[in-house]
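Work through these exercises with the sequence and the model side by side. Try each task before you read its solution.

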Amino acid sequence: MRGAIKTPDRSRARKSTVQANNSTRPDVYAILDRLDKVKENGPGRWLACCPAHQDRSPSLAVRETSDGTILMKCFAGCPTGDVLDAIGLELKDLFPQRDNDAYTASKRPGERWVPRDVLAAVAREALIALLAAEAVHSGTLLSDDDRNRLALAAGRLRAAAKEVGAHV
């Protein structure tokens, strides 16, 4: 948590810590560690006390977008630059620095996937298998496209099982 009074030297030291932890994209959790009264407000969304003014209840919204950009808005009207200055960061620290766009948002510390997304993907592939099974059961021949899609679904389901340690 950040202190009530910040010296310029302390701000610079904190900034270099964030950059050392991850030089290619902003670390939303390192930024949240610099704020007070942080509470999660949904996936990739938080509320915290704004460090740029005397805030007693959370008025600063922090959001991590799907491309890794971190958005901040103080509902009391503080400019984002002032908020960042108060925690020893610059505007560029909110944007990913990468060579390609193969980025996915951060998960909780220690989490490799978002469980809801994994279950949704598995459910979609299982539905493909169910539809194919019903068609075959009713005597309908599967088209080449349908067989190819069924093979893709089977491959994805096997890969998901293998990824979590089940070898089928």
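**Exercise 1.** Find where T69 sits in the chain, and decide whether T69 is buried or exposed.

*Solution.* 
- Step 1: Locate the residue. In this predicted model, T69 belongs to the loop that links strand 3 and strand 4.
- Step 2: Check the accessibility. The relative value for T69 is 9%. The cut-off for buried is under 20%. T69 is therefore buried.
- Step 3: List the partners. Leaving out residues up to four places away in sequence, T69 touches R63, E64, L94, F95 and P96.

**Exercise 2.** Work out the fold pattern of the chain, read along the sequence.

*Solution.* 
- Step 1: Count the elements. There are five helices and four strands.
- Step 2: The pattern reads α-α-β-β-β-β-α-α-α.
- Step 3: Look at how contacts span the sequence. Take the contacts with a separation of 6 or more: 48% of them join residues 24 or more positions apart.
- Step 4: Of the 168 residues, 29% are buried.

**Exercise 3.** Describe how strand 1 and strand 2 are joined.

*Solution.* 
- Step 1: Get the direction. Strand 1 (residues 36-42) and strand 2 run antiparallel, with four bridges between them.
- Step 2: Pick one pair. K39 has L47 in strand 2 as its bridge partner.
- Step 3: Inspect the turn. The two strands make a hairpin, with two residues between them. In that turn, G44 has a positive phi of about 70°.
- Step 4: K37 lies in strand 1. K37 is not a glycine, yet its phi is positive, at about 50°. Most residues other than glycine have a negative phi.

**Exercise 4.** Identify the residues with the most contacts inside the largest nonpolar core.

*Solution.* 
- Step 1: Note the membership. The core has 18 residues. I31, L35, L60, V62, M72, V83 and I87 have the most contacts inside it.
- Step 2: Trace the suppliers. Helix 2 (28-32), strand 2 (45-49), strand 3 (60-64), strand 4 (70-74) and helix 3 (80-86) each give at least two residues to this core.
- Step 3: Zoom in on L60. Beyond residues up to four places away in sequence, its partners include L35, W46, L47, M72 and V83.

**Exercise 5.** Decide where confidence in the chain is lowest and where it is highest.

*Solution.* 
- Step 1: Start with the whole chain. The mean pLDDT is 79, and 76% of residues reach 70 or more.
- Step 2: Compare the elements. Helix 1 (residues 8-21) is lowest, with a mean of 38, and strand 2 is highest, at 95.
- Step 3: The pLDDT is below 50 over residues 1-23.
- Step 4: Conclude. Where pLDDT is low, the predicted coordinates should not be read in detail.

Note on methods. Residues numbered from 1 in each chain as written. Predicted model: local features only at pLDDT ≥ 70, side-chain atom pairs only at ≥ 80, totals over all residues. Heavy atoms only, no water. Core = buried A, V, L, I, M, F, W, Y, C linked by side-chain atoms within 4.5 Å. Buried < 20%, exposed > 50% of the residue type's maximum accessible area, 1.4 Å probe, protein only. Contact = heavy atoms within 4.5 Å. pLDDT = per-residue confidence, 0-100. Pairing = 2+ DSSP bridges.
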